[in-house]
Every structure is written in C-alpha cells, then in structure tokens.
Number of protein chains: 2
Amino acid sequence: MADKIRIAIVGYGNLGRGVEAACDKCPDMDLVGIFTRRGPESVKAKSDAPVYYFDDIFTMKDKIDVVVLCGGSATDLPVQTPMLAEHFNVIDSFDTHAKIPEHFEKVNAASVKGSTVSIISVGWDPGLFSLNRLISQAVLPEGRDYTFWGKGVSQGHSDAIRRIAGVIDARQYTIPVEEALESVRACENPELTTRQKHTRECFVVAAEGADLAKIEAEIVNMPNYFADYDTTVHFISKEELDRDHSGIPHGGMVIRSGKTGFDNSNNHVIEFGLKLDSNPEFTSSVLVAYARAAYRLRQEGASGCKTVFDIAPGYLHPESPDELRKKIL
Amino acid sequence: MADKIRIAIVGYGNLGRGVEAACDKCPDMDLVGIFTRRGPESVKAKSDAPVYYFDDIFTMKDKIDVVVLCGGSATDLPVQTPMLAEHFNVIDSFDTHAKIPEHFEKVNAASVKGSTVSIISVGWDPGLFSLNRLISQAVLPEGRDYTFWGKGVSQGHSDAIRRIAGVIDARQYTIPVEEALESVRACENPELTTRQKHTRECFVVAAEGADLAKIEAEIVNMPNYFADYDTTVHFISKEELDRDHSGIPHGGMVIRSGKTGFDNSNNHVIEFGLKLDSNPEFTSSVLVAYARAAYRLRQEGASGCKTVFDIAPGYLHPESPDELRKKIL
C-alpha cells in the first residue's frame, strides 16, 4: 500500500466530527490532527487523533497532506480557506451560492501562489447536486431541471425560530411538495413558485406562559424564511423535541426532464436523490472523498482552486483506474 | 462564438440517427458527415448532413474534430474504434462489460500513437450508471450498491425470442422487482438473486398454427436469457405489437445505501434513476456531450483513451467554468 494520505481537520463541530468518522472508514487515510481555536484542553476527540490549537497547524506543514476545513460559510471559511490554501491542499464546503465566484477567486490566488490544490464548495448542495445539474443539462440540453430539498432539517430556519421571544428551542423541516415532484417526474415542465415546491414544518418549544398565537404569527410571516411558504407550527414539550427531533436528517433530489429527437417526441427523466440520516456526516463523507482527489491531483503537479466540476470522478475512489474499469464501469 | 465542434457519425442505425438529432440540439456543434458501409445511395439522412462511404472518412481528417462511433459492440466497435482512434478523436458506446479492459488497451495504443483523445464505453450503462456507482462507493465506503434495469426493452432478449421457430416477432421488457427496490431503499442491504431483482415480460407474435405452449416453454427455459428469471409470455397479434410496443423505452436505477459514524448509526441512500422514452436517443445524447469533452481535452493537448471516470464533468457542458460556478454550483 502506498503512503497514507495525511488528513488534518480544522474546526470540530458536527462537520469536523463527521470528517473524523469518515476518515476512519478509509484505509488509505490517516487523521493526523484536529485543529481548533478552543484548543486541546476543551476538546475531546472521539478517535485517538491529537488535538492542537489552530495556530499550530502552520508548524506542521510537512506532516499534513490535505486540510479539511469544517467551519461555517458565514465567517470561518471566507477567512480560513484562503489563509490555509497558501500553505496546504485544502477542501471546504463553502455553501453561500451567491458568493462562490468571489470565494473561488481568493482561494485560487492563494493556491496558485502556494502551489497547492484547493477544492471548494464540496458536499451535496453545492456538491453532488451541482454535479447532477451539470451532467443532466449537458446530456439533455432541451429540458429543465428542478432541485428539491428535504425532507430535512434546516439549521438556518431552526435558528431563526429560536431567536423569537418566548421560544426555548425549535426544529424546522423543509418538505418537498408531492404534487410538484409528480408533475416534474411526469415531464410536465411546470412553472413552480417557491410555495409550490416546498412546505415548512416547525416544532417549537415555548416558554411557560408565552403567547403561542403571537409566536406562530411571527414564524409564518417571517420574511425570506417563512413568508413565501405554507408553514405549519406545532408546539411541543422539550422532552418531545429531544426524543423525536434530535437527528439532523436531510436529502432531496435533482430532477431534469428533457426531450430528444428532431420532433421532440421522446421524453427522458434523470433523477438523483439523497436520503440522509445525518446531513453533517454525509457532507463530511463527500469532503473526505474529495480530499483524496486533492491529494492525487497535487501528486500529479496540479495547483489552483477547483470545484466538483473540475475533478474527474476516478480521483475520488481508492481503487486504481484499471480496477475501476474492470469492476464498475 | 468559438469555432464549432465538427462531428462525424459512423454507422447510421438507431444510435447514429440519435446522434444526428442530438447534434441538432447543440449550437456549438456541426454535423459534417455521416459515414456508412452502405454508402450514400442507400441512406437518407434526416438532417442535411452529407452521407459518405465509410472509407472516405480517412480523406477528411482535417474536416472532422470528433468521430462518434455508432456501431455495435459485438463486431463493429472492436475493429472500428482502434482503427479510427489512430486518426481521429473518437467516442464509442462499447458495452460488453467483460471486454472493456481489452478494448481499452487497444484503443489507448491507437490514440497514443496518433495523439488523439478517445473515450470508450459512453452511454448510461456503461456510462452515467458507472459514474454513480463510482461516486457513491467513494462517498460511502461502508455500504452496498445495486443496479436495477428497466422497465425497458432488451434488444438482445427480444432477438433471442425471434430466433425461436414459429416466432414472427417479439418484444421483451426487463422489469425491476418492486419489493427488491423497496428493501434496498430501506437500507436492508438484501442479498438478491438474479430472480429476485428483475422479472422478464415477453410479447410474442407467433406464426399461424404454431405450438404456443412449446414456444412459451422454449422462452422461459432458455439458459442465460430467461431460465434464471420469472418470465411471463403474452401472445399478441402483429398489429398489437406494432401499436403498443414499437418504442424502445428503458431506464433503471443505481442505488447505494451506506452507513456513517463510528457506531454506524446513520444510514444514507444515494439513488440515481433514469426513465427513458428512447434508449438509443438518450445514449446518443450522452455520446454527444462526451464528444464535447473529447474535443476540449484534445485542444488542451491530452491524448490516449479515457472513460467517463477520467473526464472532469465541466468538460461536458457548453458553458465556461466561470459561468458554471456562478449558475449551477
């Protein structure tokens, strides 16, 4: 077996713990360290990987092949990814779609300067869903694609509810509308409004004596988050929330329907779907597969920032091109 | 707009006609010729592309960017792809899974010698299904994948029935078993026999006075083709066959379920599915998207034989990397 790929994790929240577990399933990888701003005293790793202060990573350049960044897209990654990309091959899951071009430019400049490979916006959306949008558009140029999310927990929407006065805790599920899915799968190419594509279901723990009607009104009328959706609110106890809604499931589907033939007489549907018990653990698993790709690309001399669009799929799989052609092509 | 990609089609059966129609949907492509062994007198193209004798292609090396080979895997492609790969960038849909490594070696030698790019075994299986097997294995190393085909027409099985004495015409459908699909999607990781995965349904036109019971017995007991499946046989009239079974639909799904977390407590399902009105027209559309990739790779100086595993997805889509990051990542 060739040398193992030496992985470092930066940030040890849900995503970092997911990467730790995902590395454990890859015999070709070695988790050499977990780096956090909180430092080793306040972090107990699940594996036997050592924990370091974030700043120590710069002293370990020759011990790390790929850094997997596990911070948030709002404030962590815009700073950390370019900073680290100058010194390490890096992977991140930057998911603020509108800011991807700007992030790409910064990370690319750092990677070119440092002769490293960086892969940004890795996960399932952006990530595997993006791949499927791209491939299905390329194969069926005359057609239309739709992305549905859920059923799954939206952390951003759950947080928005928690900020309402009188709310102790909350969990929000995004749910695709079944009729919309059916119409898309039937090649009807529907025009769908935001409201027609997804509904939102909220489970809310209110403080004793709180005005439930007022909380519900605040939720369903909240601009951007809920006002454009049909939203249902259920008030439940803290015990019920912890018992029934402690998971972080998610998923969804990318569906493209398109026509072929000179007379457009034939319809085709391409559908890619995910059903995930744990959104962060699945995202982490995608990050780790792309860490393998970053390592191999750097071994071949590549440098600069890439996305899932730039990575030949073979780089993701531990087996050799020969074996892959023989076994799964 | 940059120069158009000049496409040539070799072979003008269902697949060749599909490539002709698919090129028509790609503003960045120009179909410069259809090459057949039958020659221009006996072929009427649907588009205004000129038709030539196969041998004439070697006189047109500077007028063609990519040759899309549309012959069969049994006898045409094993000869034609290596022969043409020495002189042209080529795409084929070679689908004899067991012989892919041997075909790859021959085509690669020709492409290296001629400094061309060849992409073999392009379509949906091998092709997009293979891609999904690879990606889902890489993302969920602890798991299991299943490929189901159908509902769709199997030409090979239909042909096998037509060879039986007393059979005038026949159409065979491969159908996934619903219970097997449900079990796989429920992460039960079932062990499935051939019989448990698919059923086969046959529509047969028998000659007048033929022994129907004998034909049915010959079908359901035919080794390799039917003996391992639950097969149903319907005898219908030629009119019914032509009216209800003239299409060539197909499809299927690649499903992988896998576990993540140190305690394997989270299940995930990745599913890629196709529902195709016309198997050859869809396969052709995939071929044309990969023709774009072959052209671009050759422009960058690449050479040698590739498969879908070696092609970064961005090469398939007509838009620029910048635009793709902005619009669909």
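1. Let me start with A:Ser121, which counts as buried because its relative accessibility is 0%, against a cut-off of under 20%. Keep in mind throughout that this is a predicted model. A:Ser121 belongs to the loop that joins β6 and α4 in chain A. Most residues other than glycine have a negative phi.

2. The other positive phi on my list is in chain B. B:Asn189 is not a glycine, yet its phi is positive, at about 45°. Look for B:Asn189 in the loop that runs between α6 (178–185) and α7 (194–197) of chain B. Is B:Asn189 buried or partly exposed? Its relative accessibility is 29%, so B:Asn189 counts as partly exposed.

3. Next, the cis peptides. Most peptide bonds are trans. In chain A, though, the bond from A:Asp125 to A:Pro126 is cis, and omega there is near 5°. A:Pro126 sits in the loop between β6 (117–119) and α4 (128–139) of chain A. Over in chain B, the bond from B:Asp125 to B:Pro126 is cis as well, with omega near 5°. B:Pro126 is in the loop between β6 (117–119) and α4 (128–139) of chain B. If you are checking backbone geometry, have a look at both bonds.

4. Now for some helix packing in chain A. At what angle do α1 and α10 of chain A pack? Helix α1 (residues 14–24) and helix α10 (residues 279–299) of chain A meet at about 55°, and their axes are 8 Å apart. That angle is why α1(A) is described as oblique to α10(A). As for handedness, α1(A) and α10(A) make a right-handed crossing. On the α1(A) side, the contact uses A:Asn14, A:Leu15, A:Gly18, A:Val19, A:Ala22 and A:Cys23. From α10(A) come A:Pro280, A:Glu281, A:Thr283, A:Ser284, A:Ser285, A:Leu287 and A:Val288. Sorted by type, the residues of this contact between α1(A) and α10(A) are seven nonpolar, five polar and one charged.

5. B:Ser93 is worth a stop. You'll find B:Ser93 in chain B, in the loop between β5 (89–91) and α3 (100–114). B:Ser93 counts as buried because its relative accessibility is 10%. Which residues does B:Ser93 contact, once neighbours within four places in sequence are left aside? They are B:Leu15, B:Leu69, B:Ser73, B:Leu77, B:Ser121, B:Val122, B:Thr283 and B:Leu287.

6. B:Ala110 is part of helix α3 of chain B. With a relative accessible area of 9%, B:Ala110 is buried. Not counting residues up to four places away in sequence, B:Ala110 touches B:Pro82, B:Ala85 and B:Glu86.

7. Last, the interface. How many residues of chain A are in contact with chain B? There are 69 from chain A, and they meet 69 from chain B. The two chains bury about 6000 Å² between them, with carbon and sulfur atoms giving 65% of that area. Within the area that chain A buries against chain B, A:Lys25, A:Phe262 and A:Leu329 supply 15%, more than any other three residues.

Key. Residues are numbered from 1 along each chain as its sequence is written. Chains are lettered from A and ligands numbered from 1 in the order in which they are written. This is a predicted model: local features need pLDDT of at least 70, side-chain atom pairs count only at pLDDT 80 or more; totals for chains, interfaces and linings use all residues. Side-chain values use heavy atoms; hydrogens and water are left out. Helices (H or I, at least four residues) and strands (E, at least two) are DSSP runs, numbered from the N terminus. Buried means under 20% relative accessible area, exposed over 50%, partly exposed in between (1.4 Å probe, protein chains only). Contact means heavy atoms within 4.5 Å. Axes are lines fitted to C-alpha atoms, for helices over the stretch in contact, and angles run from 0 to 180 degrees between N-to-C directions. Angles under 35 degrees count as roughly parallel, over 145 as roughly antiparallel, 65 to 115 as roughly perpendicular and the rest as oblique. A crossing is left-handed if the near helix is turned anticlockwise from the far one by less than a right angle, and right-handed if clockwise. Ala, Val, Leu, Ile, Met, Phe, Trp, Tyr, Cys and Pro count as nonpolar, Asp, Glu, Lys and Arg as charged, and the others, Gly among them, as polar. Buried area is the accessible area (1.4 Å probe) that two parts lose on being put together, summed over both.
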